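Please keep the sequence and the three-dimensional view at hand while reading.

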Amino acid sequence: MARSAARQLALNALRRWRNSREFADGIVQRQIVASAASRSDRGFAQELFYGVLRNLTLLDFFVRELRNSAIDDLSRDLIRLGLYQLFHLGTPAHAAVFETVELASPRRRSLINGMMRNAVRDRDRLKIEAARAPLYIRESHPEFLIIRWIEAFGENSAVALCRWNNSRGPIYARINTLRITRENFLKDNPRTRSISAHPLFVECEELPEEAIALGHCYIQDPSTALAVELLEPQSSETILDACAAPGGKTSYIAATTKNTANIVACDRDATRLGLLRQNLTHLGAANTQVIQHDWLHDRYPETLGLKQFDKILVDVPCTNTGVMRRRVDVRWRLRPADFGRMHEQQVRILGAIIPLLRAGGALVYSTCSIEREENEELVERLVQKIPTLKLEQTRTMLPWREHLDGAFAARFVLVTRASAVATASSNGIIAPYA
């Protein structure tokens, strides 16, 4: 059966992605999920949109093999959609050609028809040529990322990482023990599979909509548990989640302490702050205070300036290279300079937060990046500049090794607060306003 509505949705999404700086996830929510199309059409449109973005370089390689002269952007998007269906979804050739041509305006149809028919005729040759192409083309990643990953992890691991990024991730959910016990959740949701290494997380065959609506679970990758586990939140502690939205880790802290900790959750973006409040309420997280704050620019609000926290979680903004399987277009938005830029920004965020930690308190720094600049090198710099901030432990999750999203976390304990603050300030770690 023709699914023209889904293909049109995907084409519109590709056009919006190409003409803006929006991330694909936001475009999916605003243009596909919010559309009036049927559920199956929305699902197919999302598959087409994400599939083209995952395979962008390879699809463009096919385009160059089929036509050695330039084509306009919209025609390229149309051909990308058609080729993705032909080479990756196994769509019958006649359907892939017909449906792609049907999407085209009259003046483009001859071009699209000719290129798609040539792709069908030359399909075996194109596959052979693609297999001979460099890794960055075969696996559709920017070449600079391939080079740095080979240098950091070796060629075999770089290949495994690229293939991981191009695979479809399963749906994981964290059981929300503020609303339901683990045993009752598993009994009520027999189509979920418990994960032995992460007992509060389950793998789902499909989105558990009823359980989500009841607040019984929260969609979350098990790798996100790493930072909270290192934090070791305890009852009655005062805890700061410094970069909290959308609230997955904050609500996990609340559940771990059975709502007995006093939690302050901060984020800088008003829209994300609204989502944070909504999620915390829905999941039953109590004793939480939500504050809008930008660690890079704002002076401390009074509610923060008077506090010293027992525990602080700093899940900083990062390059997201550990979660490219789920954030499929991150690879195309990154630039080589971003790794150094993010490192400096992360240092500034930590510098603004360290004065809020009491002596003897613990701080966990975490990212969903697998890059040394944002992880090991930042930790080394922090330990060198603030000797009384003692590094206790680091943990790294690599997608091709743990078969989960990538993550990094480091746990520090502040031995002497006044000395640490003075040392960090003199070394330029702590911002002047702090």
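How are helix 1 and helix 5 oriented to each other? The model is a predicted one. In this model, helix 1 (residues 4-19) and helix 5 (residues 73-87) pack at an angle of about 130°, and they are therefore oblique to each other. Their axes lie 10 Å apart, and the crossing is right-handed. On the side of helix 1, the contact is made by Arg7, Ala10, Leu11, Leu14, Arg15 and Arg18. These residues meet Asp73, Leu74, Asp77, Leu78, Leu81 and Gln85 of helix 5. By class, the contact of helix 1 with helix 5 comprises six nonpolar, one polar and five charged residues.

Helix 1 also packs with helix 2 (residues 24-33). The axes of helix 1 and helix 2 come within 10 Å and cross at roughly 135°, so this pair is likewise oblique. Helix 1 passes helix 2 in a right-handed crossing. Leu9, Asn12, Ala13, Arg16 and Trp17 of helix 1 are in contact with Ala24, Ile27, Arg30, Gln31 and Ile32 of helix 2. The residues of the contact between helix 1 and helix 2 divide into six nonpolar, two polar and two charged.

A further packed pair is formed by helix 6 (residues 93-103) and helix 7 (residues 106-121), at an angle of about 165° and with axes 9 Å apart. That angle makes helix 6 roughly antiparallel to helix 7, because it is over 145 degrees. The crossing of helix 6 and helix 7 is right-handed. Helix 6 contributes Ala93, Ala96, Val97, Thr100, Val101 and Glu102. Their partners in helix 7 are Arg109, Ile112, Asn113, Met116, Arg117 and Val120. Seven nonpolar, two polar and three charged residues make up the contact of helix 6 with helix 7.

| Helix pair | Angle between axes | Distance between axes |
|---|---|---|
| Helix 1 and helix 5 | about 130° | 10 Å |
| Helix 1 and helix 2 | roughly 135° | within 10 Å |
| Helix 6 and helix 7 | about 165° | 9 Å |

Which residues of helix 10 (residues 143-153) are buried? They are Leu145, Ile146, Arg148 and Trp149. The elements that cover these buried residues include helix 9 (135-138), helix 11 (155-165), helix 18 (330-333) and helix 19 (338-353). Just after helix 10, glycine 154 takes a positive phi of about 95°.

Most residues other than glycine have a negative phi, and most peptide bonds are trans. With a relative accessibility of 1%, serine 140 counts as buried. Glutamate 232, in the loop between helix 14 (225-231) and strand 5, also has a positive phi of about 55°. Glutamate 232 is partly exposed, at a relative accessible area of 45%.

A cis peptide bond, with omega near 10°, runs from alanine 245 to proline 246. Proline 246 is found in the loop between strand 5 (238-241) and helix 15 (248-256).

Asparagine 320 is placed in the loop between strand 8 (309-315) and helix 18. Is asparagine 320 buried or exposed? Asparagine 320 is buried, with a relative accessible area of 14%. Beyond its neighbours within four places in sequence, asparagine 320 is in contact with Arg327, Val330 and Cys368. The C-alpha atoms of asparagine 320 and valine 330 are separated by 7.2 Å, although these residues are 10 residues apart along the chain.

How many disulfides does a search of the whole structure find? The search finds zero. A disulfide is a covalent bond between the sulfur atoms of two cysteines. The sulfur of cysteine 318 is 3.4 Å from its closest cysteine sulfur, in cysteine 368. Cysteine 318 counts as buried at 11% relative accessibility, and cysteine 243 counts as buried at 14%.

Note on methods
Residues are numbered from 1 along each chain as its sequence is written. This is a predicted model: local features need pLDDT of at least 70, side-chain atom pairs count only at pLDDT 80 or more; totals for chains, interfaces and linings use all residues. Side-chain values use heavy atoms; hydrogens and water are left out. A disulfide is a pair of cysteine sulfur atoms within 2.5 Å. Buried means under 20% relative accessible area, exposed over 50%, partly exposed in between (1.4 Å probe, protein chains only). Helices (H or I, at least four residues) and strands (E, at least two) are DSSP runs, numbered from the N terminus. Contact means heavy atoms within 4.5 Å. Axes are lines fitted to C-alpha atoms, for helices over the stretch in contact, and angles run from 0 to 180 degrees between N-to-C directions. Angles under 35 degrees count as roughly parallel, over 145 as roughly antiparallel, 65 to 115 as roughly perpendicular and the rest as oblique. A crossing is left-handed if the near helix is turned anticlockwise from the far one by less than a right angle, and right-handed if clockwise. Ala, Val, Leu, Ile, Met, Phe, Trp, Tyr, Cys and Pro count as nonpolar, Asp, Glu, Lys and Arg as charged, and the others, Gly among them, as polar.
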